[in-house]
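Please look at the sequence and structure first, then read the points below.

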Amino acid sequence: MDATQLLKGVLDVAVLAVVEEEDGYGYDVVRRLRAAGLEDVGDASVYGTLRRLYSAGALTSYVVPSEEGPHRKYYGINAQGRAMLELQRKVWSEFSTTMNALLGTTTGEAA
C-alpha cells in the first residue's frame, strides 16, 4: 500500500491537530508532523495545506520577526478550524474502526 496516497487524504486533519497543540510556522509544522511519524510528508504539501486552510477560514496567521533569517509566518487554529478538526476526528474514528474491523486488526488477526 502506498502511504503517500493515504497521507493526502488526512493531511488537513493532521495539520489542524498539530497547530491545535501550538501555533507554528511552515517548517515547524513539517518537522512536528515528521516527528509524529509522518516521515513522508512533503514541505510543499504542508505549505499548500496551511495556505488552503487559512483561505478556508480555519486558521489565523501572524508574522514574527526572526533574528536568524526571514520573518516567519505562524499559523494558529481558530473556532472554525476547531469545529473542522472535531468533525474530522469523528469521521476518522468511524472510518478507522470500520477498516480495523474489516482487516481484522482489532483482534490481531490478518484478513
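**Helix and sheet arrangement**

Helix α3 (residues 43–55) lies across β2 and β3, and its direction is at about 120 degrees to β2. The model is predicted.

- Three strands form an open sheet in the order β1-β3-β2, and their pairing is antiparallel.
- β1 (24–25) and β2 (59–64) are the edge strands; each has a single partner strand, so one side of each has no neighbour in the sheet.
- β1 pairs with strand β3 (residues 72–77) in the antiparallel sense, over two bridges.
- Within that pairing of β1 and β3, G24 stands opposite Y75 in β3, and Y25 has Y74 of β3 as its bridge partner.
- The pairing of β2 with β3 is also antiparallel and runs over six bridges.
- On the β3 strand, I77 is the residue that L59 stands opposite.

**Helix α1 against helix α2**

- Helix α1 (residues 3–21) packs on helix α2 (residues 26–35) at an angle of about 105 degrees, and the two axes are 10 Å apart.
- That angle makes α1 roughly perpendicular to α2, because angles of 65 to 115 degrees count as roughly perpendicular.
- From α1, the residues in this contact are L11, A14, V15, V18, V19 and E21; from α2 they are V29, R32 and L33.
- By class, the contact of α1 with α2 holds seven nonpolar residues, two charged residues and no polar ones.

**Helix α1 against helix α3**

- α1 and α3 pack with their axes 10 Å apart, at an angle of about 80 degrees.
- With that angle, α1 is roughly perpendicular to α3.
- On the α1 side, L11, D12, V15 and L16 take part; they meet S45, V46, T49, L50, R52 and L53 in α3.
- The contact of α1 with α3 is made up of six nonpolar, two polar and two charged residues.
- L11 and V15 are listed in the contact of α1 with α2, and L11 and V15 are also listed in the contact of α1 with α3.

**V18 in helix α1**

- V18 is part of helix α1.
- Is V18 buried or exposed? V18 is buried, because its relative accessible area is 8%, and buried means under 20%.
- Which residues does V18 contact, once its neighbours within four places in sequence are left aside? They are V29, R32 and L33.
- These residues, V29, R32 and L33, are the ones that α2 brings to its contact with α1.
- V18 and R34 are 16 residues apart in sequence, and their C-alpha atoms are 11 Å apart in space.

**D28 in helix α2**

- D28 is found in helix α2.
- With a relative accessible area of 8%, D28 is buried.
- The side chains of D28 and R32 are joined by a polar contact of 2.8 Å.
- R32 is also one of the α2 residues that meet α1, and R32 is among the residues in contact with V18.

Notes. Residues are numbered from 1 along each chain as its sequence is written. This is a predicted model: local features need pLDDT of at least 70, side-chain atom pairs count only at pLDDT 80 or more; totals for chains, interfaces and linings use all residues. Side-chain values use heavy atoms; hydrogens and water are left out. Axes are lines fitted to C-alpha atoms, for helices over the stretch in contact, and angles run from 0 to 180 degrees between N-to-C directions. Helices (H or I, at least four residues) and strands (E, at least two) are DSSP runs, numbered from the N terminus. Angles under 35 degrees count as roughly parallel, over 145 as roughly antiparallel, 65 to 115 as roughly perpendicular and the rest as oblique. Contact means heavy atoms within 4.5 Å. Ala, Val, Leu, Ile, Met, Phe, Trp, Tyr, Cys and Pro count as nonpolar, Asp, Glu, Lys and Arg as charged, and the others, Gly among them, as polar. Buried means under 20% relative accessible area, exposed over 50%, partly exposed in between (1.4 Å probe, protein chains only). A polar contact is a pair of N or O atoms within 3.5 Å; within protein, one must be able to donate a hydrogen and the other to accept it, and residues adjacent in sequence count only if both atoms are side-chain atoms. Two strands pair if DSSP finds at least two bridges between them.
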